[in-house]
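Please read the points below with the sequence and the model in view.

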2 protein chains.
Amino acid sequence: MAPILLNSMGNEHSDYIQQEEYVKNPHLDSMEEDILYHFNLGTKTHDLPQMFGDVKVCNPNRMRSFAQFIHEELELPGNIADIRDICEGTDRYSMYKVGPVLSISHGMGVPSISIMLHELIKLLYHARCRDVIIFRIGTSGGVGLPAGTVVITDKAVDSFFRPQFEQVVLGKVIIRSTELDEDVAQELLQYSSELPDTPTVIGNTMCTHDFYEGQGRLDGALCSFSTEEKLEYLRKASEAGVRNIEMESTVFAAMCRVCNLKAAVVCVTLLNRFEGDQISTPHDVLLEYQQRPQCLVAHFIKKRLGLIS
Amino acid sequence: MAPILLNSMGNEHSDYIQQEEYVKNPHLDSMEEDILYHFNLGTKTHDLPQMFGDVKVCNPNRMRSFAQFIHEELELPGNIADIRDICEGTDRYSMYKVGPVLSISHGMGVPSISIMLHELIKLLYHARCRDVIIFRIGTSGGVGLPAGTVVITDKAVDSFFRPQFEQVVLGKVIIRSTELDEDVAQELLQYSSELPDTPTVIGNTMCTHDFYEGQGRLDGALCSFSTEEKLEYLRKASEAGVRNIEMESTVFAAMCRVCNLKAAVVCVTLLNRFEGDQISTPHDVLLEYQQRPQCLVAHFIKKRLGLIS
């Protein structure tokens, strides 16, 4: 690989360093065209470097509102009503770009976010992006925390509390580590103290492949266990350092790690699972909770871009 | 359970038979309210029997267009432009009801469709629906079949070609069978011969948790295998009776089976995976392919409702 000029985000100096490529696929270079099918984008139909070359932050998130919020926070020119969905030709994902921030929905569950990540990482490669930080912002069930707590993920763990992700490749199981960037996590925790109404902790996040039976909920269409068995599982999770439960973090951490992307997972808890299963908090309170990880990540971005000290 | 009056779909006689409940959860009856969170519906906020009591067919499908198509095919009164998304308060799923047909999106991958199925099965329970048939209609990669072939699933198999689904419940792995309704599959195959341009086969469908590495694609952000290794995996799949690959069928089959729902999976192939990985067929051709399973299922519904002989 040739040395290239690299502008580190939040760094005032530039330097020649070795290029770190995000993709890990020797086949890509021999392809005449690369169609990012689920994004409705392609290397022949779209000028990806021109469209995305300046991206420094990716934020897989289900809401258009974050893009508009970031646009206001970064005081960017133009009307927020003009921000359009770059993936509007497909109903699979939504994608918004405001300044150096790319905000993309990822659907629910490991398979859905993994398709998005494959195509996003290829997009960053084709667009020749450098020094990207990627955040997953979302919601989760809390384990022993009051609703509304922001959890920055230390390790993403599976249903057996192991910090690993099992990827099936051609019928063989491959184990990948799910460690996230420690510095970004600590920096986020530090910034959280500067924000009002943002109770924040660092802890392990359990990623399951099912919202009901897999997370020990008693209110699914299927349930074969007792309240006591549910609580025992949650107690074991808590003892393993699990502070919240969601459905995407392990593959997110694993893929970003393999692909040299600095990554963080920031999710708010919508309920304390020791107290119940149903999300019955009023809609406006839930909306306020959901803004907390957004505000924290926006604060991080503004710090890194030097917009606030 | 008390015997109840049951009107079998497509049956001219009614009879007292034992009630078959779809849900398998003893906790549900003790809940004062049941919030179907991801549908933005609830037992206290919505009259579910009034809204959904007449449903006989469920069709998890990503497109609003199917609801409009069915509305026209069943010659229902009212304007198709008035068909509204019942889940419009959330961006997670879309749901359309036309006559006795409920059409719901399910996102991509096992976790996403499983959340939808839990809440759909509870919805059918709360709405006191009977004799429901559920179809998954979608797209897939073909294994040795020309693009545009409709595959009716015999058995849904996992990445190791086993007709089973592994569900993690409270940290323990439970195995569930993925057999589908043989009669519905045979009936669909028979009707396919009555339709133009609908090449159709019955075969096994492999369900993976990943679109790229898990399906042996060479064009993901990550790829650690050769073209020959990919082709060898596809050959083994073919020898195991696999005719197409998608990402939802095992949990769909497993949950419907446990919950006494007659179920079928009908997916069109968008490409022959022995010939490539990228979906590069022109958009209008893909759209025509995607209509084939829809037309076949619509034909089935019209036959069952006695609209055609």
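1. Helices (H or I, at least four residues) and strands (E, at least two) are taken here as DSSP runs, numbered from the N terminus. This is a predicted model, in which local features need pLDDT of at least 70 and side-chain atom pairs count only at pLDDT 80 or more, while totals for chains, interfaces and linings use all residues. Residues are numbered from 1 along each chain as its sequence is written, chains are lettered from A in the order in which they are written, and side-chain values use heavy atoms, with hydrogens and water left out.

2. An unreviewed UniProt entry assigns the feature "binding site" to A:Gln215 and A:Arg217. UniProt positions follow the numbering used here, feature names are shortened, and annotations may be inferred rather than shown by experiment. Residues 92-301 of chain A are 33% helix and 30% strand, and the C-alpha atoms at the ends of the span lie 27 Å apart.

3. A:Gln215 sits in the loop between strand 12 (200-207) and helix 5 (227-239) of chain A, and A:Arg217 belongs to the loop between strand 12 and helix 5 as well. Are these residues buried or exposed? A:Gln215 is buried, because its relative accessible area is 3%, and A:Arg217 is buried at 1%. Buried stands for under 20% relative accessible area, exposed for over 50%, and partly exposed for values in between (1.4 Å probe, protein chains only).

4. The side chains of A:Arg217 and A:Gln215 are joined by a polar contact of 2.8 Å. A polar contact is a pair of N or O atoms within 3.5 Å; within protein, one must be able to donate a hydrogen and the other to accept it, and residues adjacent in sequence count only if both atoms are side-chain atoms. Neighbours within four places in sequence aside, A:Gln215 has contacts (heavy atoms within 4.5 Å) that include A:Asp210, A:Glu246 and A:Arg273. On that basis A:Arg217 is in contact with residues including A:Phe211, A:Tyr212, A:Arg273 and A:Asp277.

5. How is chain B related to chain A? Chain B is superposed on chain A by a rotation of 180 degrees with 0.0 Å of shift along its axis (RMSD 0.0 Å). This is the relation of a two-fold axis. The superposition is by least squares on the C-alpha atoms of residues with pLDDT of at least 70 in both copies. The copies meet through the same surface, because 99% of the interface residues of chain B are also interface residues in chain A.

6. At the interface, 69 residues of chain B are in contact with 68 residues of chain A. The two chains bury about 5,600 Å² between them, 60% of it on carbon and sulfur atoms. In chain B, B:Met108, B:Leu170 and B:Ala221 lose the most area to chain A, together 14% of what that side buries. Buried area is the accessible area (1.4 Å probe) that two parts lose on being put together, summed over both.

7. Across the interface of chain B and chain A there are two salt bridges, each a side-chain nitrogen of Lys or Arg within 4 Å of a carboxyl oxygen of Asp or Glu. The side chains of B:Arg176 and A:Glu213 form a salt bridge at 2.7 Å, N to O. Helix 3 of chain B supplies nine residues, the largest share of the side of chain B that touches chain A.
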